[in-house]
Amino acid sequence: MTDTTTRWGILAPGSIAESFAADLALTPGQQLVAVASRDAERAADFAARHGALRSHGSYDELLASDDIDVVYIASPHALHLEQATRALEAGKHVLCEKPLTLDRATAEQLTAAAARHGRFLMEGMWMATNPVIRELDARLKAGEFGAPRHLHCEFSFRVDAGPEHRLLNPELGGGALLDVGVYPLSLAHILLGEALEVHGAGVFDRVDLNVAISGRYPGDATAALAVGLTHPAPVAARLSTTEGWIEIDQFYAPTHFTWVPSGGEPVRVEPTQALYGRGFGNEAAHVAECLAQDLLESPLVPHAQTLAILGQVDRLRAEVSGA
């Protein structure tokens, strides 16, 4: 943590922003200065409930503020490119919810804009900043659990909504891959390295509804990943190694992991670093650390990782849709 206070502004006070603001309040050195929405009453209500100093009924008003260091963008996927670009042009650092944009090409445009304006930009892949995932990654790379061989994980839930819902509407960036597929793909990238190849098969109806993903990774590791919008399933991951296996419940926001050595008893492993709320606070704290070091991108969620995952999503979506 840094000794200074990082001053935050939030664009688009939806459900994800609710979780972020709640965890931000639990995180040392962070302050919610302002929130903006096109609906001034909604922004004011959000600000009052989360202790923001003020609210705005215009995004431009917030972006013009001199007392905000970094803007958190929590709008629907299809608006990320435009809003993040405007924030960077206004001289603000940006934490933008995942996925950063709808595809790799536009994400490259955004990272180029961040470099051009000399501003920090990070995709909100909060899982990568979770202390449980960070500890698991470090200990795995140190060889404590043997060599990784196979990752299996699923992130599926049922969406009971009409075709205009953001998750089912292609114009709003709908589909399982963009909404939840980036989580297992990112977990595989973090724990196994950048994929050598990924392939997908699934169900497509305007958007990708269910996708089964197979991947091959460095070191003879493989992965079987599944995401979906039509059925509930346990959101869990299991990483098999040469010495046993590791179980991670709620792998996108875990509170612990369990190491099961071959022939031995399970060992529950708690993180050694504090978990701030559900973990959005750890994401905010990491951004603050990056800003204190004058970094323009995160070492935990580097631009190359974000671009690699979106490139995988592009290819998988094309395979599933037959495009």
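Student: Which residue stands opposite Gly124 in β6?

Tutor: Glu97 stands opposite Gly124, on strand β5 (residues 93-97), which runs parallel to β6 and is joined to it by 4 bridges. The model is a predicted one, in which local features need pLDDT of at least 70 and side-chain atom pairs count only at pLDDT 80 or more, whereas totals for chains, interfaces and linings use all residues. Residues are numbered from 1 along each chain as its sequence is written, and side-chain values use heavy atoms, with hydrogens and water left out.

Student: What makes β5 and β6 a pair of strands?

Tutor: Strands are DSSP runs of E with at least two residues, helices are runs of H or I with at least four, and both are numbered from the N terminus. Two strands pair if DSSP finds at least two bridges between them, and with 4 bridges β5 and β6 therefore qualify. The parallel strands β1 and β2, joined by 6 bridges, qualify as well, and in that pair Ile10 stands opposite Val35 of β2.

Student: Why is β1 called largely enclosed?

Tutor: A residue is buried under 20% relative accessible area, exposed over 50%, and partly exposed in between, with a 1.4 Å probe and protein chains only. Of the 6 residues of β1, 5 are buried, so the strand is largely enclosed by the rest of the structure.

Student: Why is one side of β8 and of β14 left without a neighbour in the sheet?

Tutor: The open sheet of 8 strands has the order β8-β9-β10-β7-β11-β12-β13-β14, with mixed pairing. Strands β8 (197-205) and β14 (267-269) stand at its edges with a single partner strand each, so one side of each has no neighbour there. For β8, pairing with β9 (residues 207-217) is antiparallel over 9 bridges, and the bridge partner of Gly202 is Val211. Helix α7 (residues 176-192) lies across β7, β9, β10 (221-228) and β11, at about 160 degrees to β10.

Student: How do you know that the length of helix α8 agrees with expectation?

Tutor: The expected span is 1.5 Å times one less than the number of residues, so the 13 residues of α8 (residues 280-292) should span 18 Å, and the 19 Å between its end C-alpha atoms agrees. Because 11 of the 13 residues are buried, α8 is largely enclosed by the rest of the structure; among them are Phe280, His286 and Leu291. The helix is followed by Asp294, whose phi is positive, near 60 degrees.

Student: Why does Ala274 count as partly exposed?

Tutor: Its relative accessibility is 44%, so Ala274 falls into the partly exposed class. Ala274 lies in the loop between β14 and α8 and touches Pro131 and Asn282, residues up to four places away in sequence not being counted. Its C-alpha atom is separated by 9.4 Å from that of Asn130, 144 residues apart along the chain.

Methods. Contact means heavy atoms within 4.5 Å. Axes are lines fitted to C-alpha atoms, for helices over the stretch in contact, and angles run from 0 to 180 degrees between N-to-C directions.
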